[in-house]
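Biologist: I have a chain on screen and want to learn how to read it. Can we take it feature by feature?

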Amino acid sequence: MSRSPVSPQAGQWWMRSALRDTLLQHGTPAALTDYAYLAVATAGTMLAFVTALSRHTSGWAFNLLDASALSVWAVAGAQKTLAVGLGWLPAVLLGTITAVGGGAIRDLLLARTPSIFGGTPLYAIVAVLVSVVMVVCSRPGGPTVGVLAGIAVGISLRLAAFTWGWKLPGSRDWPPRSSKDRGS
């Protein structure tokens with residue numbers, strides 16, 4: 001029986017935090033100063049190794065975990081960006097990068113095509129929308145409203161995308177057009 005030491009979610013927390021904090025250039029990345037990141041990443045990796053979580057990546061529970069993680073990281077990236085005094089656009093961009101960056105790095109290290117490059121139900125679009133909701137809702141009601149609204153919207157959209165198979169078209173889905181079709 002082959003067991004993968006890395007599950008789709010375990011061990012990538014430090015990657016997301018370090019990527020976000022490095023892009024913000026606002027002090028040392030939290031993953032390098034707070035040992036809780038290392039402890040949680042190690043515990044998640046050990047859990048994945050012991051229980052062979054890599055075989056259980058298509059069920060409802062995994063999809064809920066994936067949707068929750070994507071939403072929480074998008075909110076965390078946008079919130080931290082706003083907290084250091086940057087505007088709404090950097091908050092949306094860094095919220096999205098925080099949400100999808102760790103997963104992309106993980107997939108590359110596992111020699112898989114990153115989810116952001118397609119073939120999966122809405123992924124980066126959900127991260128963008130969660131970041132926008134966080135930014136918009138955090139202004140009038142404070143960050144708590146933005147956090148809760150962003151996570152709720154993200155989980156709902158991602159689970160709906162899984163349920164109904166919502167995907168963006170990939171380059172292979174677009175048929176090539178001849179010069180006659182273009183009117184030339």
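Biologist: What pattern does the protein chain follow, read along the sequence?

Modeller: Start with the helices and strands. Both are DSSP runs, numbered from the N terminus: H or I over at least four residues for helices, E over at least two for strands. Here the pattern reads α-α-α-α-α-α-α. That makes seven helices and zero strands.

Biologist: What kind of model is this, and how are residues numbered?

Modeller: It is a predicted model: local features need pLDDT of at least 70, side-chain atom pairs count only at pLDDT 80 or more, and totals for chains, interfaces and linings use all residues. Residues are numbered from 1 along each chain as its sequence is written, and side-chain values use heavy atoms, with hydrogens and water left out.

Biologist: How much of the protein chain is buried?

Modeller: Buried means under 20% relative accessible area, exposed means over 50%, and partly exposed lies in between (1.4 Å probe, protein chains only). Of the 184 residues in the protein chain, 38% are buried.

Biologist: What share of contacts joins residues at least 24 apart?

Modeller: Contact means heavy atoms within 4.5 Å. Take the contacts between residues at least 6 apart in sequence: 73% of them join residues at least 24 apart.

Biologist: At what angle do the axes of α4 and α5 cross?

Modeller: Axes are lines fitted to C-alpha atoms, for helices over the stretch in contact; angles run from 0 to 180 degrees between N-to-C directions. Helix α4 covers residues 60-83 and helix α5 residues 88-109. Their axes cross at roughly 145° and come within 7 Å. The crossing is right-handed. For handedness, ask how the near helix is turned from the far one by less than a right angle: anticlockwise is left-handed, clockwise is right-handed.

Biologist: Which residues of α4 and α5 meet?

Modeller: From α4, they include L70, W73 and A74; from α5, they include P90, A91 and L94. By class, this contact has 10 nonpolar, four polar and no charged residues. Ala, Val, Leu, Ile, Met, Phe, Trp, Tyr, Cys and Pro count as nonpolar, Asp, Glu, Lys and Arg as charged, and the others, Gly among them, as polar.

Biologist: How do α4 and α7 pack?

Modeller: Their angle is about 145°, with the axes 8 Å apart. This crossing is right-handed. Residues making the contact include N63, L64 and D66 of α4, and P143, V147 and G150 of α7. The classes are 11 nonpolar, six polar and two charged.

Biologist: How many residues does the largest nonpolar core have?

Modeller: In soluble globular proteins, nonpolar side chains tend to be buried together. A nonpolar core is a set of buried Ala, Val, Leu, Ile, Met, Phe, Trp, Tyr and Cys residues joined through side-chain atoms within 4.5 Å. The largest one here has 19 residues, and L70, A99 and A127 have the most contacts inside it. Helices α4, α5, α6 (124-141) and α7 (143-164) each supply at least two of its residues. The largest share, six residues, comes from α4.

Biologist: Is S131 buried or exposed?

Modeller: S131 is in helix α6. It counts as buried because its relative accessibility is 0%. Leaving out residues up to four places away in sequence, S131 touches A74, A78, A91, V92, G95 and T96.

Biologist: Why is V153 called partly exposed?

Modeller: V153 sits in helix α7. It is partly exposed because its relative accessible area is 30%.
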